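I set down each item as I looked it up.

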Protein chains: 2
Amino acid sequence: MKKLLILLALAQPSLLLAQNNDLPENTKRSSTCVPESDFPRYDDQHCAYFKVTAPDAHKVQVAVAGIQPLDLQKDSLGVWTGKTTPLPVGLHYYSLVIDGALVPDPSTYTYFTNHPVSGIEIEEGEEGNYYRPQLGIAKGQVRSVQYYAESTKEWRRALVYTPAEYETNSKKRYPVLYLQHGMSEDETSWTRAGLMHNIMDNLIGAKECVPMIVVMESGDINRPVSKPGDTNPFAGFADFGKTFYEVMIQDLIPMIDKTFRTKTDRDHRAMAGLSWGGRQTMEIVTSNIDKFSYIGDFSGALLLQNLKEDFGGILSRPDEFNSKIHYFFIGYGGAGDLGPSDIKALEGSGIKFDTYESPGTAHEFLTWRRCLRKFVPNLFK
Amino acid sequence: MKKLLILLALAQPSLLLAQNNDLPENTKRSSTCVPESDFPRYDDQHCAYFKVTAPDAHKVQVAVAGIQPLDLQKDSLGVWTGKTTPLPVGLHYYSLVIDGALVPDPSTYTYFTNHPVSGIEIEEGEEGNYYRPQLGIAKGQVRSVQYYAESTKEWRRALVYTPAEYETNSKKRYPVLYLQHGMSEDETSWTRAGLMHNIMDNLIGAKECVPMIVVMESGDINRPVSKPGDTNPFAGFADFGKTFYEVMIQDLIPMIDKTFRTKTDRDHRAMAGLSWGGRQTMEIVTSNIDKFSYIGDFSGALLLQNLKEDFGGILSRPDEFNSKIHYFFIGYGGAGDLGPSDIKALEGSGIKFDTYESPGTAHEFLTWRRCLRKFVPNLFK
């Protein structure tokens, strides 16, 4: 018994959470929960239930992205609980606010990178089958690859999806999609929150897209922290992620083409990104038109103002753009998302592009999972 | 400007953290910080500095594993700061305690899985070179592989380290080490906190060990949450991780041997684990002696009581054990760690084993990084 006590003492103090284990009736545990946790949960109306142990706190809230912060109620044991209004099927980010401190919920895995947040995934109905693993569909791999980038003099990491057949077709070469995350995220976002590996496996398995390699790296798009004396909160905003441009061209693409069996010509290289990663995509592709021939813009921050000046003016030269870019996709969530104003700016320009509006979603990964699904069937055909 | 405001509103609310940016003099930022964060930091005495924004909290503490909780002090802006006593070089887990709520610090990446915790890495001196990436050393990959386990009827994930030469030696087959985490952790612990990929790259690069594949899966060792009416907090303790035993033999090993170019005989298969993963290693190997020939026990919870009964009694049959197991390693931290009592129980038994005591470390990943470094040079020779 003494050694068991040592083991318990050495482990995480989760006994703090082991009180008051009544579960709300007819609710399911979110797949985002860490193994020992039974919360957050959701019911058949897709209302989410939260539980937080904070015995001495005066106010505990749950801030779910896109809805009003929810005030939790405290019981006599210092456990705070609450229930939201119905949420859409899929993944929702949230944070706890404990006496004014914005922190992750220790009950779930964490998402994002700048300021880790928690997540709840509502998993009901067939809508999400395309991003869930399916029996009978061969699974690809996601490989973590470290490399030294000469342009920034640092060790970096890329995550590389290889299709299931890559392991056995040892002579075949594959086209490559470079897939970027958004502001304040990193190279893990597309697998952790986007479940891109399942989406790709399912599309390739159903022969809805060609087998391809997908590369995810950090776009270095961290919001600049204001320095003492800064009065402009947007200082440095325009330079977001500029370090990545050189990394990608000088270091990342050569490393990928050396390490993996890729097709290296422009006709077999695509780039896509979400939010600020959409802007990075447009800047990198239009500055390196000899290297890319497909563009995916998912809720992208193109912020088009003047087609003659934006992105070197190439969007004002439709013949050139259309002859070089085989497919240009702009997807977005509801009307409040980034995307519609850029689409309006492109109307009548002669630029060829395809649009997709994700029903019932916003500037979030539910939109971008759907965008990926809609975009990749159009590549390399 | 309006669109910039939309972007800021859509992104994480990190402006909350953008106040009071004076940094303590002569301190360095921890490599565990998320990109936008400048804390935690450490000075040349290896004292750690923390900063937490919690304007309405009444008490904020930092609980660093192994030391007394540190009370932070609040300034007029609601920002809490504090400084620890000197810490050993390497990784230290910690949590925030905000008015009694144990939560991760949103300033760092998270570690563990059951109750995510934060981390600070003190990176000074040459001691840690063996777990840092080195120029001129070829890098292997860590591959995330999904598979469906028939024994538990669920989708599972293995992380598989392949050595750098695996990509180019397309005919060569490799021995395999199965490497398990501890209680309340998962398959990501050895890469996230253990940096096993760097340790393996550096050892293989220096020809101190043979190139091998290393497989990491979840041992399913989650502390059982007590149910209403439970009076014994240890209920279910002995069954920890038992589901994994069948998964490993029935599903995981066959999947690995089918997917990767492995050597599949017992002479080329090893298993090691830390803490409860050490116990799982001993249970699985001794129950499947036809499949394994090497054992690594890192601060393992063998909890030996009676060699004639423990683990089927094989430790009381030294001739059989020594003829089957080519190398048996027991490593541990200080005298308070798990390990010494098992070593004492084995003395005079005739069982051959090697021991290693990690100086100045405890039941933590600093010990286990060193154990891995000491253990793998003895494999497959």
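I began with β6(A) and strand β7 (residues 79–86) of chain A, which run antiparallel and are joined by two bridges. In this predicted model, local features need pLDDT of at least 70, side-chain atom pairs count only at pLDDT 80 or more, and totals for chains, interfaces and linings use all residues. Residues are numbered from 1 along each chain as its sequence is written, chains are lettered from A and ligands numbered from 1 in the order in which they are written, and side-chain values use heavy atoms, with hydrogens and water left out. I found Trp80(A) in β7(A) as the bridge partner of Lys74(A). I then followed the open sheet, in which five strands of chain A lie in the order β1-β2-β3-β7-β6 with antiparallel pairing. At its edges stand β1 (27–29) and β6 (73–74) of chain A, each with a single partner strand, so one side of each has no neighbour in the sheet. Strands pair here if DSSP finds at least two bridges between them. Helices (H or I, at least four residues) and strands (E, at least two) are DSSP runs, numbered from the N terminus.

I noted eight helices and 19 strands in chain A. Of its 381 residues, 61% count as buried, that is, under 20% relative accessible area with a 1.4 Å probe and protein chains only. Among contacts in chain A with a separation of 6 or more, 69% come from residues 24 or more positions apart; a contact means heavy atoms within 4.5 Å.

I looked up strand β14 (residues 176–180) of chain A and found five of its five residues buried. Val176(A), Tyr178(A) and Gln180(A) point one way, and Leu177(A) and Leu179(A) the other. In a regular strand the side chains alternate between the two faces of the sheet. β14(A) runs parallel to strand β15 (residues 213–217) of chain A, with three bridges, and pairs in the parallel sense with strand β16 (residues 269–274) of chain A over five bridges.

Helix α8 (residues 365–375) of chain A has nine of its eleven residues buried, so the rest of the structure largely encloses it. Among the buried residues I listed Phe365(A), Trp368(A), Arg369(A), Arg370(A) and Phe375(A).

I looked up helix α4 (residues 242–259) and helix α5 (residues 276–287) of chain A, whose axes come within 11 Å and cross at roughly 50°. Axes are lines fitted to C-alpha atoms, for helices over the stretch in contact, and angles run from 0 to 180 degrees between N-to-C directions. α4(A) and α5(A) are therefore oblique to each other; angles under 35 degrees count as roughly parallel, over 145 as roughly antiparallel, 65 to 115 as roughly perpendicular and the rest as oblique. Lys242(A), Phe244(A), Tyr245(A), Met248(A) and Ile249(A) of α4(A) meet Gln280(A), Glu283(A) and Ile284(A) of α5(A).

The axes of helix α3 (residues 196–205) and helix α8 (residues 365–375) of chain B come within 10 Å and cross at roughly 30°. That makes α3(B) roughly parallel to α8(B).

How values were computed:
Buried means under 20% relative accessible area, exposed over 50%, partly exposed in between (1.4 Å probe, protein chains only).
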